[in-house]
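The following report describes one chain of a model and the contact that chain makes with a partner. Please read it alongside the sequence and coordinates shown here.

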Amino acid sequence: MSYLLRLLDSLRRSRFLLKQLVARDFKVKYKRSVLGVAWSLLYPLLTTAVLALVFSNVFRFSTPGVSYVAYLLTGLVCFNYFSEASNLCMSSIAANYSLIGKVYVPKYIFPISKCLFVGVNFLLTLIPLYLVLLITGTGLCWQHLLLPYAFACLFLFTLGVGFFLAAAAVFFRDVYYIYGIVLTLWLYLTPVMYDPAVIGQPLLQNLIALNPLYAPIRFVRTVMLYHETPGIGQFAACAVHGALALAVGSLLFKRTQDKFVCYL
Amino acid sequence: MNDVMIRAEGLCMNYKTGVEKGYSLKQGFVDCFDRKKRAARRSRSEFHALRGLSFSVARGEVLGLVGPNGAGKSTLLKLVAGVLKPSAGRIEIFGRVCPMIELGAGFDPELTARENIFLNAAVMGYSEPFISRKFDEIVAFSGLEAFLDAPVRNFSSGMTARLAFSIATVVEPEILIVDEILSVGDLAFQEKSERKMRSLIGGGTTVLFVSHSIDAIRSFCSRALWLERGEIREDGEADSVCDHYRRSAVCGKDDESA
């Protein structure tokens, strides 16, 4: 607990650095592109369009009662946040090698800054998401006010995984390759493109429920698509997965961070 | 008696060198089960960069570090900067350390000079209002007003170094680490930076100075530390240490050619 307080305190002191790092990433990302920030909005829309075309026309996927495009986009926006942020976290320590080797910087700043940077992007992708919700006639409800809770849990979960990957990638470069495969597999194991209800076997459905990424996605869908208040179980699942990932990831990171310089 | 800014006691730093070669997940996994092998690998591959240094540096002292390549100078600087943790022994720092990052290692080439000043200041742990106050001074000292909104990737190495030097010194750090940086930039800037260094030294900044230029060490430093193979060979007045070091370096060369 005292460790957590100290962490928060040093985070408060490094907020200028954090702000600068996030701003840097943002500026660099769109530096030489004509459309700039518009890509943040267009990209998820275009991928959704492609996936919707393939899955609803070719594979004849459907989600009874709700628009398939809205279903797809809600899952995709969350999953993309996770995959992009965790990928950037993974290389964040190695990418800032020249800094870490010369100046004392609290190293956990780098994964945090990546999660925040992609987080800002994520908030931007909510704009096309809400547009789709309106266009498809899905509509809004008061429960949308609960969504920041799910987003926060997704953020913490991603940060935890990011800490783990960042530390692991310093010692074993194999992690880059392995994680690429893991992410692809994870995308298909997470009900992003399909409704788990279409899977007949209850065993498989239970396995899917264990997927930590599915908790926030399910929460978001319960609110956005079905206009319901998520049950206490859903609240708990989001928090437990987030806290667990963060605990494991940050502990590993903390225990290995002094050795980073020697391995980079 | 001046107060102590840096104190090292029995400072050791070991690097694992062998692990670099083909250390992968597989090897790590195998090693988990074979403790004996792991211990053997570890001892075989250790490199002792520093072997029990003890010294202290007082406020306002300008300490030059001399020694051949691989003597442990840069390792020592990294320990002072807090980048490395010592393998054994202790190092205590009393004050804010400002490492002058050579050639702007903390710069992002895609960002403009203006953006990089803020980024670099943030990296060095300064607050936003502080750097906003000092911004004009930094720009004026670097003499890069005309290029403020150009990306640093288009800068020459001399210009980059000027920017780095300006950020590092304008903020008047308590402990300044200088690793072979004064030789960059053009003649006019070299003179300017030399003057700046002298005024910092006069103002009580403690400086750790690494250079292969014996003349620079002589002219700046009051005291010098001669490192060799991770040990202190000599610690004393800059002039006499430099004399001895130069003599040994020249003799060493003679022996080789003979």
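Among contacts in chain B between residues at least 6 apart in sequence, 76% join residues at least 24 apart, where two residues are in contact if their C-beta atoms, placed from the backbone, lie within 7 Å. The model is predicted, and local features need pLDDT of at least 70, side-chain atom pairs count only at pLDDT 80 or more, and totals for chains, interfaces and linings use all residues. Residues are numbered from 1 along each chain as its sequence is written, while chains are lettered from A and ligands numbered from 1 in the order in which they are written.

Chain B has nine helices and nine strands, taken as DSSP runs (helices H or I, at least four residues; strands E, at least two) numbered from the N terminus. Of the 258 residues in chain B, 39% are buried, meaning that 20 or more other C-beta atoms, placed from the backbone, lie within 10 Å of the residue's own.

Strands β8 (residues 223-228) and β9 (residues 231-237) of chain B pair in the antiparallel sense over six bridges, pairing being assigned if DSSP finds at least two bridges between two strands. These strands, β8(B) and β9(B), form a hairpin with two residues between them, and B:Arg229 in the turn has a positive phi of about 50 degrees. B:Glu228 stands opposite B:Glu231 in β9(B).

The contact between the chains takes residues from each as follows.

| Chain | Residues in the contact |
|---|---|
| Chain B | 25 residues |
| Chain A | 20 residues |

On the side of chain B that touches chain A, β1 (4-16), α1 (25-33) and α4 (113-123) of chain B each supply at least two residues, and α4(B) gives the most, with five residues.

Technical notes:
A residue is buried if 20 or more other C-beta atoms lie within 10 Å of its own, exposed if 12 or fewer, and partly exposed in between; C-beta atoms are placed from the backbone.
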